[in-house]
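Welcome! Please take a moment to look over the sequence and the 3D structure, and then read through the points that follow.

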Amino acid sequence: MALNNTYDARPLFQETAVGAGAQLLLLAFLGTAIGMGPAGWLTGLAFALATWAVLNRALRRTRPRSFGPANRVTLGRATLVGGITALVADSFQSSPPVSLFVGLTAVALILDGVDGKVARRTGTSTALGARFDMEVDAFLILVLSVYVSMALGPWVLLIGLMRYGFVAAARVMPWLNGSLPHSMARKTVAAVQGVVLLAAASGWLPYGVTFTLVAAALGSLLWSFGRDVAWLFRTREERTGSRAVLARTVRTSESTRPTTTATATATTDDGMAKTELTLDDRIEARIAIPKTTDRESRAGTTTHTDAVGPAVVGPAVVPFPRREAELAVR
């Protein structure tokens, strides 16, 4: 049966093209205002091109119906981050004006709390928007840590690189891909990193105070990551075991079903039939699901989108709540 695919991605690509154009205008302004050198120009252009390409690829894959107001806010913030990145690259030759650098960074940090509220109020929250927001936040923290490390030392780079190190480790250890339960402490620690790095980058505080604040921010981030990694390690067998039991039970039910047992069928909207497990099979699968705690159940439905916290880089392997297990085997 042929499907009529009427999806049109051109309006979405027009949105990303406008974002790239805004990035070029900001770079032109910075180049005129401060006489930005080749390093700043090349870095800013590379950031604009990479953002445009990655975002377009994500839009092709997820195929949203509209770009959404929240994503427009995030795209505007990404434009500011591109300008900040260009200033930091140019700072290896000449320091940028402090007021300009602090102003762009402050606006970018403030807008971090706007796109999420816009998404919730307009009902346009999506996985793509959450990931886009998280990647912009993480890159801003990385750029700020590079700038501050020139004054305090290379150890500051740990703040910006920790999240990317976690993502790399998750490629080798898949149990790190699990979704984490909601935590205000994690959100607070993530927000503190940007504020502290901005204060350190401004140069308005004494060296000793700046050093202490940045060291404390790094310590809190190490604690936050350590706590999350420990929780994922403790629950790795329970999360993977629940899914294994569910899959094994469904396979067993299908292989041992008598030929005289009828299966329920339903018709989807596109006219194609789908087969459901019998009631006995669903009951058996439900009984086989280990009982999970409230915390684990919430973890199964929570998406982690903190700025510098662990990223969800693959399908979460978390225990299904009991009701979700029933739906999953249908």
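Predicted model: local features only at pLDDT ≥ 70, side-chain atom pairs only at ≥ 80, totals over all residues.

**A first look**

The protein has 12 helices and 2 strands, and buried residues make up 43% of its 330 residues.

- Is Ser-224 buried or exposed? Ser-224 is buried, since its relative accessible area is 4%, and the cut-off for being buried is under 20%.
- Setting aside neighbours within four places in sequence, Ser-224 is in contact with Arg-186 and Val-189.

**How H7 and H8 pack**

- H7 and H8 pack at an angle of about 155°, and their axes are 9 Å apart.
- The two helices H7 and H8 are therefore roughly antiparallel to each other, as angles over 145 degrees count as roughly antiparallel.
- The crossing of H7 and H8 is left-handed.
- Sorted by class, the residues of the contact of H7 with H8 are 10 nonpolar, 4 polar and 3 charged.

- Helix H4 covers residues 98-122 and helix H5 covers residues 127-152; the two pack at an angle of about 155°, with axes 11 Å apart. That angle makes H4 roughly antiparallel to H5.
- H4 passes H5 in a left-handed crossing.
- From H4, the contact with H5 uses Phe-101, Thr-105, Ala-108, Leu-109, Asp-112 and Asp-115. H5 brings Asp-133, Asp-137, Leu-140, Leu-144 and Tyr-147 to this contact.
- Which classes of residue make up the contact of H4 with H5? There are 6 nonpolar, 1 polar and 4 charged residues.
- H4 also packs with H7, at an angle of about 175° and with axes 10 Å apart. H4 and H7 are therefore roughly antiparallel to each other.
- Val-98, Phe-101, Val-102, Thr-105, Ala-106 and Leu-109 of H4 meet Gly-194, Val-195, Leu-198, Ala-201 and Ser-202 of H7. By class, this contact of H4 with H7 has 8 nonpolar, 3 polar and no charged residues.

**The nonpolar core**

- As background, nonpolar side chains in soluble globular proteins tend to be buried together.
- Which residues touch the most other members of the largest nonpolar core? Among its 53 residues, they are Ile-84, Phe-101 and Ile-159.
- Helices H1 (10-34), H2 (38-62), H3 (69-90), H4, H5, H6 (157-172), H7 (184-202) and H8 (207-234) each supply at least two residues of this core. H5 gives the most, with 10 residues.
- Leaving out residues up to four places away in sequence, Ile-159 touches Ile-141, Gln-193, Leu-197, Val-214, Leu-218 and Leu-221.

**Ser-145, a residue of H5**

- Ser-145 lies in helix H5 and counts as buried, at 0% relative accessibility.
- Not counting residues up to four places away in sequence, Ser-145 touches Val-156, Leu-157, Gly-160 and Leu-197.
- Ser-145 and Leu-161 are 16 residues apart in sequence, and their C-alpha atoms are 8.7 Å apart in space.

- The place of Arg-61 is in helix H2. Arg-61 is exposed, because its relative accessible area of 55% is over the 50% cut-off.
- How many residues apart in sequence are Arg-61 and Leu-128? They are 67 residues apart in sequence, and 9.9 Å apart in space from C-alpha to C-alpha.
- Arg-63 is found in the loop between H2 and H3 and counts as partly exposed, at 39% relative accessibility.
- Phi of Arg-63 is near 55°, a positive value in a residue other than glycine.

**The whole chain**

- From the N terminus on, the elements run α-α-α-α-α-α-α-α-α-β-β-α-α-α.
- Among contacts between residues at least 6 apart in sequence, 79% join residues at least 24 apart.

How values were computed: Residues numbered from 1 in each chain as written. Heavy atoms only, no water. Axes fitted to C-alpha atoms, helices over the stretch in contact; angles between N-to-C directions. Helix = DSSP H or I, 4+ residues; strand = E, 2+ residues; numbered from the N terminus. Parallel < 35°, antiparallel > 145°, perpendicular 65-115°, else oblique. Left-handed = near helix turned anticlockwise from the far one by under 90°. Contact = heavy atoms within 4.5 Å. Nonpolar A, V, L, I, M, F, W, Y, C, P; charged D, E, K, R; others polar. Core = buried A, V, L, I, M, F, W, Y, C linked by side-chain atoms within 4.5 Å. Buried < 20%, exposed > 50% of the residue type's maximum accessible area, 1.4 Å probe, protein only.
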